[in-house]
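Hi,

Here is the structure I promised to pass on.

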Amino acid sequence: MTSKNIVINIKNLSHSYGKTKIYDKLNLQIKEGSIFAFLGKNGVGKSTLINILMGYIKPNEGECLIFTENSHNLSTQTKKDIALLYEGFISYDFMTIKEIERYFAPFYENWKKDIFYELITLMKLDFNQKISTLSFGQKSQVVLGLIFAQDAKLLILDDYSMGLDAGYRRLFIEYLKNYIEGTNKTVLITSHVMSDLVDLIDDMMIIQKGGNIYANSMQNFITNFRCYKLPLNQQINLENIHRIEDYKFYKKIYTFDKLDFLEELNVDFEDKFLGYVGKY
């Protein structure tokens, strides 16, 4: 992989809050045209890493490059190539949908108003409706419309699903797929809704407390991280068991090993994710 098609390049990144280690010598590359997910439970450092990438936090050690530029010294042009959705909403509730589009447009030289109104039309909203009258999910979609209209090369979507019900999430996922199809746009995404991600993301990084990182493709993780059923009265002695969960009448074993002598359970991505990081 050449530097020309690496959008994000994280090198030997270490960061802590006091004595709490968040990352320890993290190395990661995100290639152009991919959809990459930062996954993990609350408090493991997903938003911290995004803050470092955007230059809001300076890491203790290491560096993060975006389009080959240090994240703490991005040029004006490179900043124009990044669209950021951060947790929270716009505060211009007194504006209408049409007014907020007109307000944001002059700040972005590649602004595509048709993209914004296409997403608003899908929600069957009146362009003259005030933001203050919208539901939480509708406000979220207006914000996403403002993100897409920037026509950026890199989209960073931190917890896009916040406040969205199943219908709005499905609409967003389908629209995102169509939006980036045939382009070289790169998407970095975080979410707590695992079911949305299976057919969306290409590669992922699972972050755990203490800086432990698992990075792989979505397909490789689903294929190779297995769940087996173990009877309570059966003893097992294996070195590579990742996690054991106790139930009333049996146990579940999660491992990257193939155990032909046990019954393999057909579990979905969310179950495998929780089997990797733990429920609590």
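Before the helices, a word on handedness: a crossing is called right-handed if the near helix is turned clockwise from the far one by less than a right angle, and left-handed if anticlockwise. Also, this is a predicted model, with local features needing pLDDT of at least 70 and side-chain atom pairs counting only at pLDDT 80 or more, while totals for chains, interfaces and linings use all residues. Residues are numbered from 1 along each chain as its sequence is written, and side-chain values use heavy atoms, without hydrogens and water.

On to the helix pair. The axes of H4 (residues 113-122) and H6 (residues 166-180) come within 11 Å and cross at roughly 150°. Those axes are lines fitted to C-alpha atoms, for helices over the stretch in contact, with angles from 0 to 180 degrees between N-to-C directions. The two helices are therefore roughly antiparallel (over 145 degrees; under 35 is roughly parallel, 65 to 115 roughly perpendicular and the rest oblique). H4 passes H6 in a right-handed crossing. On the H4 side, the contact (heavy atoms within 4.5 Å) uses Ile 115, Glu 118, Leu 119 and Leu 122, and H6 brings Leu 171, Tyr 175 and Tyr 179. By class, that contact has six nonpolar residues, no polar ones and one charged. Here Ala, Val, Leu, Ile, Met, Phe, Trp, Tyr, Cys and Pro are nonpolar, Asp, Glu, Lys and Arg are charged, and the others, Gly among them, are polar.

Now the sheet. Four strands form an open sheet in the order E12-E13-E11-E14, with antiparallel pairing. E12 (241-246) and E14 (263-264) are the edge strands with a single partner each, so one side of each has no neighbour in the sheet. Strands pair if DSSP finds at least two bridges between them; E12 and E13 (residues 250-255) have five, in the antiparallel sense. Glu 245 sits opposite Lys 252 in E13. Helix H8 (residues 269-277) lies across E12 and E13, at about 105° to E12.

Last, some backbone angles to check. Most residues other than glycine have a negative phi. Lys 25, in strand E2 (residues 20-31), has a positive phi of about 55°. Its relative accessibility is 52%, so Lys 25 counts as exposed (over 50%; buried is under 20%, partly exposed in between, with a 1.4 Å probe and protein chains only). Thr 68, in the loop between E4 (61-66) and E5 (69-70), also has a positive phi, near 70°. Thr 68 is exposed at 55% relative accessibility.

Cheers
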